[in-house]
Amino acid sequence: MAKNGFSMANRVAVQQVTAAASTTLTTADCGKMLFEAQGSSTTGINLPSLAAAGDGWNITVVKTVSGSASAAITIEASADDGGTPMIGVELGPSCAALSGDDLTIAGVAAPGTQVTLTSIGGNWIVTGRTSSDAGITIA
C-alpha cells in the first residue's frame with residue numbers, strides 16, 4: 001500500500017452501456033458502476049437471477065447525459081425472479097415507494113440520476129436518487 005493510504009482496491013469498476021445492444025449482467029459484474037452516455041434511444045440492462053447473484057451482489061447505474069423522452073434506461077429483473085422482485089424508494093421530488101420487476105430511469109431525467117440495486121433476501125433492494133419528478137419508476 002502507498003504511504004498516503006490510497007489503495008487501488010477501493011476503485012470502482014466502471015462500464016459504459018449503450019442502446020446499441022442490451023447489456024446482460026453476470027455474477028462477475030458485482031460492484032460495477034454502469035453509465036449511459038449517449039442519450040438518444042433506450043438503453044437496456046438485464047440483471048442476473050437473484051439465485052445466481054446471491055445476497056450482497058450490487059450495481060449502480062448512472063445517467064450521465066441529458067436526453068430526449070426516448071432515451072430511457074431500463075433495468076429488467078430475470079424472469080426466474082417472479083412477479084415483483086424489486087422493492088425500494090426513489091429519493092427525489094416525489095419520494096415514491098417502488099415495487100415491480102422492471103425499473104426505468106426516464107429519458108428526461110437529469111444527468112446524475114442514479115439507482116443502486118442490491119440483492120438481499122430474495123429481492124432487489126433499490127435506492128434511486130433523482131432531481132426529476134418521476135425520474136425513476138418500477139412497474
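User: What makes Val12, Val14 and Met33 a nonpolar surface patch?

Analyst: In this predicted model, Val12, Val14 and Met33 together make a nonpolar surface patch of about 250 Å². Nonpolar side chains are joined into a patch within 5 Å, provided that the residues have over 30% relative accessible area and no salt bridge.

User: Why is Met33 called partly exposed?

Analyst: The relative accessibility of Met33 is 30%, and Met33 therefore counts as partly exposed. The class lies between buried, under 20%, and exposed, over 50%. Met33 belongs to strand S3, residues 33–36.

User: Which residues of S3 lie on the covered face, and which on the uncovered one?

Analyst: Leu34 and Glu36 form the covered face of S3, whereas Met33 and Phe35 form the uncovered face.

User: How do you know that S3 pairs with strand S1 and with S5?

Analyst: Pairing requires at least two bridges between the strands. Strand S1 (residues 14–17) is joined to S3 by four bridges, and the two run parallel. Within that pair, Gln15 is placed opposite Leu34. S3 and S5 are likewise paired in the parallel sense, over four bridges, with Thr60 in S5 as the bridge partner of Met33.

User: What makes S5, S10 and S11 paired strands, and in which sense do they run?

Analyst: S5 is joined to S10 by five bridges in an antiparallel arrangement, where Ile59 faces Leu117 of S10. S10 and S11 are also antiparallel, with seven bridges; one of the pairs is Thr118 with Ile125 in S11. S10 and S11 form a hairpin with two residues between them, and Gly121 in the turn has a positive phi of about 55 degrees.

User: Why is Ile136 called buried?

Analyst: Ile136 has a relative accessible area of 1%, and the limit for buried is under 20%, so Ile136 is buried. Ile136 is located in strand S12. Leaving out residues up to four places away in sequence, Ile136 touches Glu90, Leu98, Leu103, Thr104, Ile105, Thr113, Gln114, Val115, Gly128, Arg129 and Thr130. Ile105 from that list stands opposite Ile136 in S12.

User: What makes S12 an edge strand of its sheet?

Analyst: The open sheet has five strands in the order S2-S4-S6-S9-S12, with mixed pairing. Strand S2 (23–24) and S12 are its edge strands, as each pairs on one side only. S9 and S12 pair in the antiparallel sense over three bridges.

User: Which residues touch the most other members of the largest nonpolar core, and which elements give two or more residues to this core?

Analyst: The core has 25 residues, and those touching the most other members are Leu47, Val61, Ile75, Met86, Leu103, Leu117 and Trp124. Two or more residues each come from helix H1 (50–53) and from strands S5 (58–63), S6 (73–76), S9 (102–105), S10 (114–120), S11 (123–129) and S12 (136–138).

User: With which residues is Ile75 in contact, leaving aside its neighbours within four places in sequence?

Analyst: Ile75 is in contact with Ile45, Leu47, Val61, Met86, Asp101, Asp102, Leu103, Val115 and Leu117, apart from its neighbours within four places in sequence. Contact here requires heavy atoms within 4.5 Å.

Terms used
Residues numbered from 1 in each chain as written. Predicted model: local features only at pLDDT ≥ 70, side-chain atom pairs only at ≥ 80, totals over all residues. Heavy atoms only, no water. Core = buried A, V, L, I, M, F, W, Y, C linked by side-chain atoms within 4.5 Å. Buried < 20%, exposed > 50% of the residue type's maximum accessible area, 1.4 Å probe, protein only. Patch = residues over 30% accessible without salt bridge, like charges linked within 9 Å, V, L, I, M, F, W, Y side chains within 5 Å. Areas by Shrake-Rupley, 256 points an atom, 1.4 Å probe, with all protein chains shown as cover. Salt bridge = Lys/Arg side-chain N within 4 Å of Asp/Glu carboxyl O.
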